[in-house]
Number of protein chains: 2
Amino acid sequence: MSAPTGDQALIKRMNTAIVLESILRGAPLSRAQISERSGLNKATVSSLVQDLIDSSLVREIGRGQSSGGRKPVMLEFIATSGYAIGIDLGVNYIRGVLTDLQGAIVAERTSALRHSKPEPVLEELCRCIAELIAEAPKCAYGIVGIGVGVPGLVDDNGSLLFAPNLKWRDVPLKRLLSDQFCLPVTIDNEANAGALGEQKYGAGRQIPNLVYVSVGMGIGTGLVLNKLLYKGASGFSGEMGHISVEAHGKPCSCGNQGCWEMYASELALLESARPLGFDDLESLLAAAASGREDVLELFQGIGEYLGIGIANIVNVFNPDAVIIGNRMSQARPWIEETLRQTVIRRALGFHLRNVHLLFAELGERSAMMGAAEMAIAGFFARLKTV
Amino acid sequence: MSAPTGDQALIKRMNTAIVLESILRGAPLSRAQISERSGLNKATVSSLVQDLIDSSLVREIGRGQSSGGRKPVMLEFIATSGYAIGIDLGVNYIRGVLTDLQGAIVAERTSALRHSKPEPVLEELCRCIAELIAEAPKCAYGIVGIGVGVPGLVDDNGSLLFAPNLKWRDVPLKRLLSDQFCLPVTIDNEANAGALGEQKYGAGRQIPNLVYVSVGMGIGTGLVLNKLLYKGASGFSGEMGHISVEAHGKPCSCGNQGCWEMYASELALLESARPLGFDDLESLLAAAASGREDVLELFQGIGEYLGIGIANIVNVFNPDAVIIGNRMSQARPWIEETLRQTVIRRALGFHLRNVHLLFAELGERSAMMGAAEMAIAGFFARLKTV
DNA sequence: CTTAGTTTGTCTATCCAATAAACAAAGTCG
DNA sequence: CGACTTTGTTTATTGGATAGACAAACTAAG
């Protein structure tokens, strides 16, 4: 009914989180440094650090430099006290990764999908997860969770409501996987996962507010506000690919007209390239690289429309950064200039001052790493409540 | 440097807030009921309630009904222990209100503005505030703060950076007013204030996530997420009036092209109505009321474009409600049907399920009441930190 | 080498908020 | 009237944070 009430256990959880976060950010660190940075009393820090050591989350790694007194005992987070699984479930591939608790990759596995029917795909998915689990070294917490990024709409029960390109409807993915593996499972949209991946491990490190624009066959977007994924009222949001940028433009399968993704996605590019005799992105990229004028113009068209939509996003969210990801980010050399100019011309000056226009650093790994991060974040969140 | 650390004072503040909020929501309430609803121990509640009584925030109002035992002592919030000032600074008017701590209006004052130069306007503004302050009854906390909604961009220091219709630039409004009155001052955009006003006192009561669309000469928007105003990375955001809905449409003074407000605002309406011999909204409303076909068509055009932009908003934020406010809400009878149809046709089905399309209930008072609410919220926030 | 001063991390006594349990006061109902 | 309920306070206890004392470990100046 009401908010969780405050008691001493809450204080301890909060302060433990502060100590752990200090170590995560600034390791190696001594107890004295943690005390100074956090404002917590030395005695408090000592006690909490001892708890963390007892829980196998932190260890002492020997003496550090002295500045004229007793040498400090340096502490570090034990990233290998647990492992996370991150999955990027694509339309024709499954990418999976096993990472430690700091997102360092331990094992990786990719497989192509021939069918898109749920049953064989789920079978392959489970095989992939099982193999990754088998590769995890022995450790205190084992596998702490499974995160999955999917190309579709997910509700807050982790059911995949609708995935147009897979032609799936109402697949209770979270329940299926947690029944199978008896582990915490987090499911989210591919763009949300990508946003988190880039925020944590890619181009958006240390940037608290960003928008990730996943430009593939369609356009998906993920919103990170204050380092947290933003979800709308009913748990799914950010369908900015279906913002109408041409009020009476091409009809979209979503029912709207003139959706952004009808003009700035890979699909839009391929459609306008068909008369020139191209039918995939790779050949277009090759043609652009060899300097074909008509193809370069096509990319500039995409760049402009991407810029139009991004200017809209900047005006609405005023983020610190916008990150272009997914397949179209490969076209960076041929779209970046037009894109940047368009955004500069169209976005409001006050918002432009601080916004950075970036391209994904993790490439095809954005969503997979973000999925792993969801699992890791879930583990830390559980630490706080138990 | 780091997060605020947890100590016992924090617990007490949190639990005091829980108790106070229970009383605010459910008054009249007994100590026993608060204990049961909040999960706090009876003794804890007793102690915290005593503190609140000592601070003149709560009072006992006598015995309540018994259900077979000792009669409970009922408690209520003392709304009149403090008063707030809310100001709506418009382009050609100043509206001011004095409310108690629950937003009940005690005094109200409107004045027309002839000039728009800063000096005379500020003078009139100060006179308005002073007169309202003079009307406040004696009470424990006096005037707890001044909130002001302004037609322009505000930074997080409360400076009015740019107000196109007033032709103001860089007016440090917050500093001026707090110097003058020695009171806490909150400045925000008119649309943000309106959003808060409708969320708290108007059509959006109890709706945690909503978007308020202020349709006047331009279009402004205010975003309430989880009952709090959302601000972007640099403190100002939500310029959805400048989302481009016609990628290569009419150039806007903001530098962008095809901005929503070029097609769906009062300005857009007046422009298309000029050939018919109209030059203000009032005469158009009158003509529509008398059934003039060509005018009705104009309103339908506005309704359609409003719907196009609102569908975009619904797709992006998936709010619980969208509230149309400001002057154009008077045109409700002639735009609502078209607007509703357009949104239904264009927004994504999953998002539509839960969204309500509402019109402002407070009319021209939205922003003013929201401004008062900003001052009240500031008072409660200070209670928690001191 | 000696000695003074510094830094680290632990220990001790104390404070304070929440809590359970006991309790007195004030009621209902048969 | 007596058994039972409900309310709100009192009392003793718990547990986490804290200040300050302290021992250990170190640097550097003389």
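Guide: What follows is a set of questions and answers about this structure.

Guide: This is a predicted model, in which local features need pLDDT of at least 70 and side-chain atom pairs count only at pLDDT 80 or more, while totals for chains, interfaces and linings use all residues. Residues are numbered from 1 along each chain as its sequence is written, chains are lettered from A and ligands numbered from 1 in the order in which they are written, and side-chain values use heavy atoms, with hydrogens and water left out.

Visitor: What makes residues 8-26 of chain B a helix, and how many residues does helix H1 have?

Guide: Helices are DSSP runs of H or I with at least four residues, strands are runs of E with at least two, and both are numbered from the N terminus.

Visitor: Which residues of H1(B) are called buried?

Guide: Buried means under 20% relative accessible area, exposed means over 50%, and partly exposed lies in between (1.4 Å probe, protein chains only). Among the buried residues of H1(B) are Leu10(B), Ile11(B), Asn15(B) and Ile23(B).

Visitor: What follows H1 in chain B, at Pro28(B)?

Guide: Pro28(B) is placed in the loop between H1 and strand S1 (29-30) of chain B. The peptide bond leading from Ala27(B) to Pro28(B) is cis, with omega near -5°.

Visitor: Why is Val97(B) called buried?

Guide: Its relative accessibility is 0%, so Val97(B) counts as buried. Val97(B) belongs to strand S5 (residues 93-100) of chain B. Contact means heavy atoms within 4.5 Å. With neighbours within four places in sequence left aside, the contacts of Val97(B) include Ala84(B), Ile105(B), Leu132(B) and Met368(B). Val97(B) and Ile87(B) are ten residues apart in sequence, with 6.5 Å between their C-alpha atoms.

Visitor: Why is Lys167(A) called exposed?

Guide: The relative accessible area of Lys167(A) is 72%, so this residue is exposed. Lys167(A) lies in the loop between S9 and strand S10 (168-171) of chain A. Although Lys167(A) is not a glycine, its phi is positive, about 60°.

Visitor: Why does Asn226(B) count as exposed?

Guide: Asn226(B) has 58% relative accessibility and therefore counts as exposed. The loop between strand S13 (219-225) and strand S14 (228-229) of chain B holds Asn226(B). Phi of Asn226(B) is near 55°, a positive value in a residue other than glycine.

Visitor: How do you know that Lys231(A) and Asp188(A) form a salt bridge?

Guide: A salt bridge is a side-chain nitrogen of Lys or Arg within 4 Å of a carboxyl oxygen of Asp or Glu. The N to O distance for Lys231(A) and Asp188(A) is 2.3 Å, so the pair meets the rule. Lys231(A) lies in the loop between strand S14 (228-229) and helix H7 (261-264) of chain A, and Asp188(A) in strand S11 (residues 185-189) of chain A, 43 residues apart. Lys231(A), at 34% relative accessibility, is partly exposed, whereas Asp188(A), at 6%, is buried.

Visitor: What, then, describes the interface of chain A and chain B?

Guide: Buried area is the accessible area (1.4 Å probe) that two parts lose on being put together, summed over both. Chain A and chain B bury about 5000 Å² between them, with 56% of it on carbon and sulfur atoms. The contact takes 60 residues from chain A and 60 residues from chain B.
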